[in-house]
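Subject: Structure handover

Hello,

Here is the structure for you to look at. My notes on it follow below.

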Amino acid sequence: MVARAGSGPIIVVLASCGLVASFMQTLVIPLIPAFPRLLDTTPTDASWVVTVTLLAAAVCTPVAGRLGDLYGKRRVLLVSLGVLIAGSVVSALTSSLALMIVGRGLQGCAMGVIPLGISIMRDELPAERVSGAISLMSATLGVGGAIGLPVAAIVAEHADWHVLFWGAAGLGLGCALLILRFVPESPVRTPAPFDFLGTLGLIVGLTSLLLPIVKGGEWGWGSPATLGFAATAVVVLAAWGWYQLRRRDPLVDLRVSARRPVLFTNLASVLVGFAMYAMSLSFPQLLQAPSVTGYGLGLTMVQAGLCLAPNGLVMMALSPVSARLTNRYGARVTLMTGAIVIAVGYVFAIFLMATAVELIIASVIIGAGVGIAYAAMPALIMSAVPVTETASANGLNSLMRSVGTSTSSAVMATMLAHLTITVGSFTVPSLAGFRATFAVAAVAAVAGLALTAVVPRFRAASPELARV
């Protein structure tokens, strides 16, 4: 039975679920160099342990949002956590690559809890608490990964690697029990049939789109596999869009998604996600680069993770600041502010990267911008869509961020792989390579600022989200 909890416990429980879900994205990063040995496979095949999680998260997030609108957000949130638990147990019990890929794919399906949690907050909380709560929940998308990296590194260094997955299962179970105890089911639903054919088309289209983005550098950008998947994505997504526009109850209402506030917010989300992930990929490599390069700091994975943990804490701390900015100046101005701060952080890093302290400061500035920007996006989205479509609309917005992070992963990895120097027997990214990635990320943030500036000003129907 659900307890008669106030808004405080609901916010804490849902935000905790968001942190656990986003933690799954960085859970195995400390193990990547060891996976070929641990799973008795090649480095190329071992990379699927990370890739499958990104793909599953991208595909399942908008689907979970639509299911929540149709059948109950709390119910689908619990199912998502159940899938996370199952995936964690599968991974904890195996040293087989095939089963590990299955388990990690199931863990990635849990990313849908973030848009579901945001929608529950809109439905259940008092108007004066909605803005701050949504800001906090949205920020967990970046915070969980930032905090999870050093935690995972410490556990992987001092315990059997399977402990990471048992811990993930325990966190998922704890969140599910708290949901059952404190979070009521939202009364807002959309009475309509579920679009199974549209779901299949979205799965095939997104998988075909993201695979060449994530694996193109490995396969070769002009290889038959990369070009074949890209062509398939174009054909399938075009057909899927045609079908969605003609269906009475589509999986994604493209007419709503094409509204100027929703469209440009989603496009800006791609660029902000791109800029955010550039730090996650480049900063650890710079911190761990050998000191004999003249610019590397020679830190261990644990030390590098601890250096980057403050940016996650700053993301969380600034979520209420973002809410106050949104309430006073509107979500549009808040998102623009976040993009500016991100760009400033990367410019700082281009010129000041000689010590760990300077990189920590740069990462904190970037984290502050990400926290402000991520927290503003749901407010912009929900002010422009019907209340019956908040979960699916937020799911689509989360998908856009995932497209941005996946694209960033491919672009940054390619740049750092081609701009290298050789030190002894090691080939590592060059100083020019790191500066180039920071410059590209800064440009992406500025482009996100420009797209946000195109979002029109208007007053929403919901008083707690009235300012845009």
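Does D40 count as buried or exposed? D40 counts as exposed, because its relative accessibility is 72%. (Exposed is over 50% relative accessible area, buried is under 20%, and partly exposed is in between, with a 1.4 Å probe and protein chains only.) D40 is in the loop between α2 (35-38) and α3 (43-46). Helices are DSSP runs of H or I with at least four residues, strands are runs of E with at least two, and both are numbered from the N terminus. D40 is not a glycine, yet has a positive phi of about 55 degrees. Most residues other than glycine have a negative phi.

Before you go further: this is a predicted model, where local features need pLDDT of at least 70, side-chain atom pairs count only at pLDDT 80 or more, and totals for chains, interfaces and linings use all residues. Residues are numbered from 1 along each chain as its sequence is written, and side-chain values use heavy atoms, with hydrogens and water left out.

Aromatic pairs

The whole structure holds seven aromatic pairs. (Rings of Phe, Tyr and Trp, the last by its six-membered ring, pair if their centres lie within 6.5 Å; planes under 30 degrees apart are stacked, over 60 edge-to-face, the rest tilted.) One of them is W219 with F229, stacked at 5.8 Å centre to centre and 25 degrees between the planes. W219 lies in helix α10 and F229 in helix α11, so the pair ties together parts ten residues apart in sequence. W219 is partly exposed at 27% relative accessible area. F229 is also partly exposed, at 29%.

Y295 and F434 form an edge-to-face pair: 6.2 Å centre to centre, 65 degrees between the planes. Y295 lies in the loop between α13 and α14 (301-317) and F434 in helix α19 (residues 431-454), so this pair ties together parts 139 residues apart in sequence. Both Y295 and F434 are buried.

Ring pairs also link F35, W161 and F165 into a cluster.

Charges over rings

K215 lies over the face of W48, 4.7 Å from the ring centre. R401 lies over the face of Y374, at 4.6 Å. The test is NZ of Lys or CZ of Arg within 6 Å of the ring centre and within 35 degrees of the ring normal.

Best wishes
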